[in-house]
Amino acid sequence: MSNIDIFIWEFLGTAVLCLIGNGSVAAVVLKNSYSHGGGGDWLVIVLGWGFGVFTGASIASPAGGHINPAVTLAVAISGDVPWSSVPVYWAAQLAGGFVGAVLGWAVFKLQYDNNDDNSGTRGIFCTYPAVRNIPWNIVTEVIATFVLIFWVLTNPADVNSGLGYAAVTFVVMAIGFGLGGPTGYAINPARDLGPRIAYAILPIKGKSDAGWDYAWVPVVAPLIGAGLAAGLALAIV
């Protein structure tokens with residue numbers, strides 16, 4: 001597959017991932033939405049991101065369905081993707097995350113315009129820890145990403161052949177429910193940084209800052225987790 005094809009499929013898949021994922025958060029945060037105030041907010045968000053992974057990865061399947069720079073790094077370490085293609089994957093994923101977030105804003109524009117207080121809307125687009133402590137926030141993201149990547153690398157293809165991308169969806173949901181509370185479980189640099197850039201430039205009245213002081217954590221920590229998972233997988237498989 002050419003690098004152009006890789007870019008197109010990964011861009012489209014990551015855009016849809018962030019469109020659905022960000023939309024699930026917006027649906028419970030913004031008033032004048034049918035999901036707002038209905039209870040089960042974290043359940044809606046985890047399910048939304050989980051099914052967003054299923055939809056986005058399925059779309060990006062011609063290019064491998066990575067939709068996550070951490071996955072790309074891990075499979076490159078494992079030798080399944082040439083290192084020369086890694087920048088193409090990463091660029092497509094970052095651009096897709098940005099565009100998906102912008103499209104999600106467009107879907108909910110009327111809700112943003114009629115929201116009483118948009119100062120808390122940053123969490124619709126990107127993550128921030130519930131308790132800020134950078135070293136421990138890094139640990140949380142490393143562990144959560146390690147679980148995802150180790151599963152991806154060690155799960156035999158024939159075990160979940162009937163489930164396809166639904167299998168990784170269940171893993172992402174499990175991580176969200178079990179490990180997502182402390183930091184919002186970015187576990188994907190593009191899903192966090194692309195929408196964070198979008199939030200910084202979109203015309204949302206009364207919005208807060210984009211949290212740039214924390215923005216490097218959900219980029220660096222998932223890559224560390226991916227590298228550790230890939231190293232262990234190579235050592236024992």
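Which residue just after α3 takes a positive phi? That residue is G79, whose phi is about 90°. Helices here are DSSP runs of H or I with at least four residues, numbered from the N terminus.

The model is predicted, and local features need pLDDT of at least 70, side-chain atom pairs count only at pLDDT 80 or more, and totals for chains, interfaces and linings use all residues. Residues are numbered from 1 along each chain as its sequence is written, and side-chain values use heavy atoms, with hydrogens and water left out.

Helix α3 spans residues 69-77 and is mostly covered, with eight of its nine residues buried. Buried here means under 20% relative accessible area, with a 1.4 Å probe and protein chains only. The buried residues are P69, A70, V71, T72, L73, A74, V75 and A76. Their cover includes α4 (86-107), α7 (134-154), α9 (189-201) and α10 (217-236).

N68 counts as buried because its relative accessibility is 4%. A polar contact is a pair of N or O atoms within 3.5 Å; within protein, one must be able to donate a hydrogen and the other to accept it, and residues adjacent in sequence count only if both atoms are side-chain atoms. At the start of α3, a side-chain oxygen of N68 comes to within 2.8 Å of the backbone nitrogen of A70. A polar atom of the N68 side chain also lies 2.8 Å from the backbone oxygen of I187. Contact means heavy atoms within 4.5 Å. Leaving aside residues up to four places away in sequence, N68 touches E10, Q93, L148, I187, N188 and P189.

The next topic is the nonpolar core, a set of buried Ala, Val, Leu, Ile, Met, Phe, Trp, Tyr and Cys residues joined through side-chain atoms within 4.5 Å. The largest one has 48 residues, and Y112, F125, L148 and I149 have the most contacts inside it. Helix α1 gives the most to this core, with six residues. I149 touches A70, V71, A74, A226 and A229, not counting residues up to four places away in sequence. A second, separate core of five residues includes V142, Y214, V217 and A221.

Helix α1 (residues 3-29) also meets α4: their axes, lines fitted to C-alpha atoms over the stretch in contact, come within 6 Å and cross at roughly 35°. Such angles run from 0 to 180 degrees between N-to-C directions.

Terms used. Buried means under 20% relative accessible area, exposed over 50%, partly exposed in between (1.4 Å probe, protein chains only). Helices (H or I, at least four residues) and strands (E, at least two) are DSSP runs, numbered from the N terminus.
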